[in-house]
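Please read them with the structure open.

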Amino acid sequence: MFRRSTRPRALAAAGGLLLAAALAACASPAAPAPPPAATPAAAPPAAPAASAPGPPSAAPTSPAAPTAPPAPMRVTMASPSPGVIFLPYYLGQAKGLYAAEGVDADLSVLTANTAIAAILAGELDFTTAAGSGARAAAAGAPIRIVMGLIDQSMIDLHVAPDVGSVPDLKGKTIAITSIIGTPAQIGRRMVQAAGLNPDGDVDWLQTQTTPNAYTALTAGGVPAALIDPPLTAMAESQGFRAIARGRDYIRSTQGGLATSQQRIQEQPDKLARTLRGTLRSIAYTLDQEQDAVDYIVQNYDLDPDTARRTYRALADGIVRNGLTALDIIEGELRLAGETATGEDVVDYSALRQVLAEPAWRDICAPRNGQPPQGCR
């Protein structure tokens, strides 16, 4: 069973509850919260009708589901938001792809710094905030990226109608998740490229989650916010617009899995099962566009056309085999002022072992003379 604590369709409502508190956190780094208690998350929202446990035959790069899945093993994962960029995790649950690998996955929503603290305390298995995980590893934390998901930024700078360009934000406030999060790093690059000083010309409002940043923007609390799909489409439908696209400034790793070095060493079976389930979920997301679009429509309150555009923008950035290039990760570290190399923060050893298995070794084998979508 795949559980999650926050429904996507409740994005705006959830953000409104914390907006007032967030407004007091402007430009001050938030201290990591204590690890969350290991309590069950709320049930997931209604999903499209479930199909067979494994990806269908139309997706030849994914193996058929085992006839007798191994006994389920509980795996806890936390994402910094319930956004569409984490679609493979949610869609994989709806189609039984994690269960096919014996994974009873429990996905919650936690800020990146809280999730990392929970991992280091032994209270959480994985975070999907791979960029934040890389920066924590570069700073000396015993945590490593074990799998990538997206290798280009899905984060855009959206503004109120009266803001014409990035230089117009001088002296104004931009909503982000946290001062150490990926949105903040991308926002700093955007501000610098416009000739502004990110440490003096703008203020940064830490809202803890992307839905809260979206709410701060749409409620009029701030004139600008760094947000990602589906919030980007939702903001644009209300008259807000993007004045800077993250992918034009940096290639970054988003949505991948990070965990502690202790878990990598001591729980190899849990790690391998989670990687297999995620590979299945990625392949299904990329190969079954209509199912993915239907899921977005049903769970994110988007019309079919907007859902399809959102899906295709996401799919363009997904790495099918999870091997995000190390130079992309290193580039993001340089942006954060870190000197660590990709080898210092990444451990793909378990993923490479899984990809060498007969079921996965041809994941990027050409189809009709062309590599499958997501193969770099």
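1. What percentage of the 376 residues of the protein chain count as buried? The figure is 57%, where buried means under 20% relative accessible area, exposed means over 50%, and partly exposed is in between (1.4 Å probe, protein chains only). The accessible surface of the chain comes to about 14100 Å², and 52% of that belongs to carbon and sulfur atoms; areas come from the Shrake-Rupley method with a 1.4 Å probe.

2. On the source: this is a predicted model, in which local features need pLDDT of at least 70 and side-chain atom pairs count only at pLDDT 80 or more, while totals for chains, interfaces and linings use all residues. Residues are numbered from 1 along each chain as its sequence is written, and side-chain values use heavy atoms, with hydrogens and water left out.

3. The protein chain has 14 helices and 11 strands, which are DSSP runs numbered from the N terminus (helices: H or I, at least four residues; strands: E, at least two). Among contacts with a separation of 6 or more, 83% are between residues 24 or more positions apart; contact means heavy atoms within 4.5 Å.

4. Five of the strands form an open sheet with mixed pairing, in the order E8-E7-E9-E6-E10. Two strands pair if DSSP finds at least two bridges between them. The edge strands, each pairing on one side only, are E8 (203-206) and E10 (241-245). On average, neighbouring strands of this sheet are turned by 30° against each other, direction ignored.

5. Within that sheet, E6 (residues 156-159) and E9 (residues 224-227) run antiparallel and are joined by 4 bridges. Asp156 has Ile227 of E9 as its bridge partner. Helix H6 (residues 210-218) packs on the sheet and touches E6, E7 (173-176), E8 and E9; the direction of H6 makes about 155° with that of E9. Angles run from 0 to 180 degrees between N-to-C directions, and axes are lines fitted to C-alpha atoms, for helices over the stretch in contact.

6. Helices H2 (residues 87-94) and H10 (residues 289-300) pack at about 100°, with their axes 11 Å apart. H2 is therefore roughly perpendicular to H10, a term that covers angles of 65 to 115 degrees. Leu87, Tyr90, Leu91 and Ala94 of H2 make the contact with Asp291, Ala292, Tyr295, Ile296 and Tyr300 of H10.

7. Thr278, in helix H9 (residues 268-287), is buried, with a relative accessible area of 1%. Apart from neighbours within four places in sequence, Thr278 is in contact with Tyr89, Tyr98, Met147 and Leu257.

8. The disulfide count is 1, a disulfide being a pair of cysteine sulfur atoms within 2.5 Å. Cys364 is joined to Cys375, S to S 2.1 Å. The torsion about their S-S bond is about -90°, so the disulfide is left-handed. Cys364 is partly exposed at 25% relative accessible area, whereas Cys375 is buried at 15%.

9. Some backbone details deserve a look. Most residues other than glycine have a negative phi, and most peptide bonds are trans. Pro229 and Pro230 are joined by a cis peptide bond, with omega about 5°; Pro230 is in the loop between E9 and H7 (231-236). Gln208, in the loop between E8 and H6, has a positive phi of about 80° and is partly exposed at 27% relative accessibility. Asp301 has a positive phi near 55°, lies in the loop between H10 and H11 (304-317), and is partly exposed at 48%.

Technical notes
Parallel < 35°, antiparallel > 145°, perpendicular 65-115°, else oblique.
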